[in-house]
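Me: I have a structure open and would like to go through it piece by piece. Can you take my questions as they come?

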Amino acid sequence: MTSTEVYLENTVLGPKAGGLYRHQNFATGLISGVVLGFVGWVIGQELLQGSNWGSDMTVTVTCVGWVLGFLLGMGAFNAVGRWILGRDEDHEDQLYGAGVGQGWTRYFKFCTDHKVVGIQYLVLVMTLFGAGGAMAMMIRTQLLSPHMNWLSPQSYNALVSIHGMVMIIATIIMVSGPFANFIMPIMIGAKDMAFPRLNALSFWTVVAAVPPILGSFFVGGVDSGWTTYAPLSVQSFPGQDMFAITICTFVVSVTVAGINTLVTVITMRAKGMTMGRLPIFVWGSIIAGGLGLYAMPAFLMAQSALITDRVVGTSMYAPAQGGAGWLYENCFWIMGHPEVYVILLPAAGALIEIASTFSRKPVFSYKAMVGAMLGIAGLAIMVWAHHMFTTGWAPTLANPFMLTTELISIPTGVLFLCMVGTIWRGNIWARLPMYFLYLFLWNFIIGGVTGIYLSDVPADQYFHGNMFVTAHFHFTLLGGAMIGAAGAVCYWFPKVSGRMLNERVGKWAFWLIAIGIQVTYYGQFLEGFEGMPRRVVNYNPLFQPANVMSTMGAYTLMAGWLILLYAIIHSWRNGVVAGPNPWHAKSLEWQTETPVPLENFLVDPVVTRDPYGYGEEAPDATQLTPEPVGAANVLLGNEEGVL
Amino acid sequence: MSSEHHEEEEFHADKREQIAEQVEPFFEGGPIWKRPFFGVFIIWVVMTVIGVLIGLFVPVHVLDGSSSSQQDSVKLTIIVFTIVAAPVSGIVYGIAAYSLFKWNKRGSGKLDTPPEDGPALRGHGPATVIWLSVSIVLVVFLLFWGMMVLSSEGTPEGNAIRMQVVGQQWVWTFHYGSTDITSTQLVLPINRQVEFEVSSKDVTHGFWPVQLGVQVDANPGFTTTIAASPNKLGKFDVRCSQLCGLEHAYMQTTGRVVTEKQFVHWLAQKGASKQAIMNFTTDAK
């Protein structure tokens with residue numbers, strides 16, 4: 001039994017602490033969601049115009065019923081309800097809400113403890129990657145031979161579309177979900193996030209968002225790709241409505257989480273933790289959070305208008321009635337390009353932490369790095385139309401957008417400089433997270449260079465809409481950001497789980513992943529050069545060798561991820577106990593004990609310098625003051641503060 | 001205030017000296033093959049040469065044919081960009097790989113405690129400035145290259161022939177301008193600029209005559225234009241590059257580039273009157 005569990009078990013709360021929430025968990029959420037979904041179905045079917053099962057109105061109302069019902073059943077709105085009724089939560093209720101005294105069951109509840117939310121996110125992300133990965137394997141298997149008819153065009157299109165969106169959802173939350181929740185508040189010396197209930201809301205909203213998009217397979221799927229360009233998406237199957245509901249729900253989650261991250265960092269930093277001393281990972285998280293706040297609402301608008309177009313016959317995207325598909329495309333990419341940096345920046349931040357810790361050196365040029373991240377974020381909002389070079393929209397804007405797109409390689413280059421500069425002359429400690437940093441450097445250069453071809457309008461006229469683009473963005477998102485996330489998992493695993501990751505197994509996984517990525521996407525680059533369009537179910541036999549290569553690579557890649565998953569699960573249960581600071585790192589999250597107690601620190605930390613003082617004669621980043629603090633101690637009656 | 005400032009500066013100067021004692025100089029000291037500069041340089045040269053070779057040989061061999069000046073310039077662009085990118089990637093790989101070879105204690109991955117701290121280098125002004133300047137110069141080059149190629153492609157020629165392309169699920173139809181000929185075959189005369197006026201009857205398609213190296217979406221309700229200059233006789237592919245529903249994969253056809261004479265002959269065969277053909281092929285607008 002870990003000390004956190006001792007603490008949670010030993011704290012005796014009153015029998016009524018938590019109120020109604022005592023009886024709510026994932027199961028009641030599911031039941032309530034299904035019931036309200038059914039109510040929605042009846043309303044859609046009987047009262048509104050839906051005449052046949054599966055019509056757009058019915059599907060939409062059912063999904064809305066599910067989302068609201070699920071969150072209601074989870075207890076997401078309890079606190080607000082009680083506040084409205086004038087019976088605000090007291091301290092005991094809040095402690096119950098943070099999971100005190102509930103053991104492992106708190107992972108299935110609307111728990112406000114940021115560490116619980118972080119672990120919930122981690123499990124959800126891995127589940128989503130599993131689902132998206134399985135779809136990818138089906139897609140690659142279909143593409144083994146040019147005239148394979150294992151999948152029908154309809155199911156193939158559905159798989160391509162939903163693989164894309166599920167992976168995008170997973171990658172957006174893969175670092176900012178688990179680590180910006182679990183690690184980031186500890187890094188800045190906070191007791192929790194600024195809005196713990198919103199934190200739980202942001203997680204359970206994603207959970208609510210997942211069933212509709214996966215369920216869309218049962219009502220025809222989506223046949224318009226993850227981009228769901230109108231007007232095709234307006235005419236698509238009812239699965240499109242479920243897709244749109246998923247997006248709208250997910251955007252709420254990202255927005256809520258983004259605000260929470262920003263407010264936490266602005267208001268909850270420990271004494272002495274100035275903005276100039278923030279770990280780079282925290283900078284990455286808040287810049288990504290802010291960028292998400294800018295980007296995601298555009299997607300919400302685009303998809304809401306798509307729903308109204310489909311359900312009630314507005315004509316936002318119908319050219320014949322004065323609408324325009326270009327409107328959708330613009331809204332989509334105003335979200336779509338900043339979003340890749342929402343994915344990348346926290347992962348890059350985590351990699352910088354890794355670079356510093358495992359080179360035993362301070363980060364190279366802290367200010368330049370923060371500036372580069374801000375520069376990337378600033379430019380990211382001005383480049384969206386490079387996805388539209390070949391649409392025919394606003395040809396006069398080709399040059400300006402080519403300029404902004406190519407400019408973004410300057411701050412990205414600075415990020416590279418800071419990474420290799422941090423490694424330079426460091427005493428490299430070649431543990432597993434460092435492996436992933438090197439893989440990131442290798443992959444992201446390739447992803448970046450191929451991006452330059454695509455930023456060039458004339459070359460883009462050949463590569464747009466072909467497999468080259470697919471290979472390019474997989475190299476950046478999978479080979480770059482997701483490798484960063486894998487590095488982050490390996491790096492913070494001892495803090496999150498309390499145990500060391502089995503690196504012998506982990507290195508097997510690493511090499512399979514590293515080789516898998518190269519083979520898979522070199523194959524797809526070849527397909528692109530040869531002129532194979534994206535999203536095709538059958539293809540010209542000319543492209544077969546490249547496709548076979550890519551599929552073989554994809555199988556290798558999947559094997560690698562599964563082995564890494566095995567290493568994670570196995571080590572979580574049986575790994576060597578890690579202790580608070582196995583990497584001898586200097587940032588705050590390693591200074592508190594493992595497992596991290598409720599409210600994170602037994603004594604409030606006071607920060608005297610930034611967390612990168614390797615090789616400098618000075619005290620560590622923290623000076624734990626002797627002042628006893630702690631709800632923790634008082635509650636337990638444990639004066640020593642030892643749990 | 002000033003004395004404080006002075007102390008601080010002294011402190012930093014001391015620190016710099018300390019660090020300088022810890023690190024070996026980049027350019028000087030010892031035999032040349034032991035200097036960090038040399039190691040990075042070697043890896044950089046190797047990676048750059050590999051990159052340049054890839055740039056010179058891979059695109060030429062795998063890019064699917066070329067039937068127009070536009071596609072020729074796509075090829076050239078890929079080659080030039082790869083060659084320009086090679087030294088930049090090479091320097092990142094050089095620094096990263098040299099660090100790994102030189103300063104990684106063998107077997108350090110099995111250590112439970114970290115090696116000693118490295119030198120406390122917190123940045124290097126000149127390196128940052130050089131890095132920034134080089135990347136700015138490169139970006140300016142890329143931009144000018146793109147603008148130059150784009151403007152040379154964008155200028156319409158006087159004797160361009162104009163034809164209409166219509167996409168619908170899942171077939172392309174080509175209208176040969178004033179001749180009133182409509183066909184699902186795309187036949188083009190060589191060495192004449194052709195301007196495609198592209199639109200769609202239903203959803204968005206992507207008109208992509210592959211080996212002509214141009215591409216534009218077919219949007220319902222608008223007409224978009226793109227010009228190509230076929231310069232090689234033979235077949236080329238026309239594919240749809242924008243997911244357009246169930247049979248998107250099959251929305252393709254082959255086109256042909258023929259001589260002017262064959263082109264006129266083909267139009268006549270399709271039933272175009274002599275006058276219409278004359279107007280179509282000689283008249284600019």
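**Helix packing, sheets and rings**

Reply: Starting with chain A: helix α18 (residues 432–455) of chain A packs against helix α21 (residues 503–530) of chain A at an angle of about 5°, and their axes are 10 Å apart. That angle makes α18(A) roughly parallel to α21(A), because angles under 35 degrees count as such. Keep in mind that this is a predicted model.

Me: Which residues of α18(A) and α21(A) make the contact?

Reply: From α18(A) the list is L432(A), P433(A), Y435(A), F436(A), L439(A), W442(A), N443(A), I446(A) and T450(A). From α21(A) it is E503(A), G506(A), K507(A), F510(A), W511(A), A514(A), I517(A), Q518(A), Y522(A) and F525(A).

Me: How does the contact of α18(A) with α21(A) split by class?

Reply: It has 13 nonpolar, four polar and two charged residues.

Me: Now α14(A) and α15(A). At what angle do the axes cross?

Reply: The axes of α14(A) and helix α15 (residues 366–380) of chain A cross at roughly 170° and come within 9 Å. Since angles over 145 degrees count as roughly antiparallel, that is the label for α14(A) and α15(A).

Me: And which residues are in the contact of α14(A) and α15(A)?

Reply: α14(A) contributes H337(A), P338(A), Y341(A), L345(A), A348(A), G349(A) and I352(A), while α15(A) contributes M369(A), M373(A), I376(A) and A380(A). By class, the contact of α14(A) with α15(A) has nine nonpolar residues, two polar and no charged.

Me: Switching to rings. How many aromatic pairs are there over all chains?

Reply: The count comes to 57. One of them is W226(A) with F332(A): the ring centres are 5.1 Å apart and the planes stand at 65°, so the pair is edge-to-face.

Me: Where do W226(A) and F332(A) lie?

Reply: W226(A) is in the loop between α10 (196–215) and α11 (232–235) of chain A, and F332(A) is in helix α14 (residues 325–359) of chain A, so the pair ties together parts that are 106 residues apart in sequence. W226(A) and F332(A) are both buried.

Me: What about F463(A) and F468(A), what kind of aromatic pair do they form?

Reply: A stacked one, with 4.0 Å from centre to centre and 25° between the planes. Both F463(A) and F468(A) are buried. They also belong to a cluster linked by ring pairs, together with Y453(A), Y462(A), F475(A), Y521(A), Y522(A), F525(A), F529(A) and W208(B).

Me: Is S550(A) buried or exposed?

Reply: S550(A) has a relative accessible area of 0%, so S550(A) is buried, the limit being under 20%. Its place is in helix α22 (residues 544–574) of chain A.

Me: Which residues is S550(A) in contact with, leaving aside neighbours within four places in sequence?

Reply: They are R140(A), V519(A), T520(A), G523(A), Q524(A) and E527(A).

Me: On to chain B. What is the strand order in the open sheet of five strands?

Reply: The order is β4-β10-β9-β6-β7 (chain B), with mixed pairing. The edge strands, each pairing on one side only, are β4 (186–189) and β7 (216–218) of chain B. Neighbouring strands of this sheet are turned by 30° against each other on average, direction ignored. Helix α5 (residues 260–270) of chain B packs on the sheet, where it touches β4 and β10 of chain B, and its direction makes about 140° with that of β4(B).

Me: In what sense do β9(B) and β10(B) pair?

Reply: Antiparallel, over five bridges, between β9 (residues 234–240) and β10 (residues 253–258) of chain B. D237(B) has T254(B) as its bridge partner in β10(B), and K235(B) stands opposite R256(B).

Me: And the pairing of β6(B) with β9(B), over how many bridges?

Reply: Strand β6 (residues 205–209) of chain B pairs with β9(B) over three bridges, in the antiparallel sense. The bridge partner of F207(B) in β9(B) is C240(B). Five of the seven residues of β9(B) are buried, so β9(B) is largely enclosed by the rest of the structure.

Me: Last topic, β1(B) and β2(B). How many residues lie between them in the hairpin?

Reply: Two. Strands β1 (residues 161–168) and β2 (residues 171–175) of chain B pair in the antiparallel sense over five bridges, and G167(B) stands opposite W172(B) in β2(B). β2(B) also forms a hairpin with β3(B), with six residues between them, and G177(B) in that turn has a positive phi of about 45°.

Definitions and conventions: Residues are numbered from 1 along each chain as its sequence is written. Chains are lettered from A and ligands numbered from 1 in the order in which they are written. This is a predicted model: local features need pLDDT of at least 70, side-chain atom pairs count only at pLDDT 80 or more; totals for chains, interfaces and linings use all residues. Side-chain values use heavy atoms; hydrogens and water are left out. Two strands pair if DSSP finds at least two bridges between them. Helices (H or I, at least four residues) and strands (E, at least two) are DSSP runs, numbered from the N terminus. Axes are lines fitted to C-alpha atoms, for helices over the stretch in contact, and angles run from 0 to 180 degrees between N-to-C directions. Contact means heavy atoms within 4.5 Å. Angles under 35 degrees count as roughly parallel, over 145 as roughly antiparallel, 65 to 115 as roughly perpendicular and the rest as oblique. Ala, Val, Leu, Ile, Met, Phe, Trp, Tyr, Cys and Pro count as nonpolar, Asp, Glu, Lys and Arg as charged, and the others, Gly among them, as polar. Rings of Phe, Tyr and Trp (its six-membered ring) pair if their centres lie within 6.5 Å; planes under 30 degrees apart count as stacked, over 60 as edge-to-face and the rest as tilted. Buried means under 20% relative accessible area, exposed over 50%, partly exposed in between (1.4 Å probe, protein chains only).
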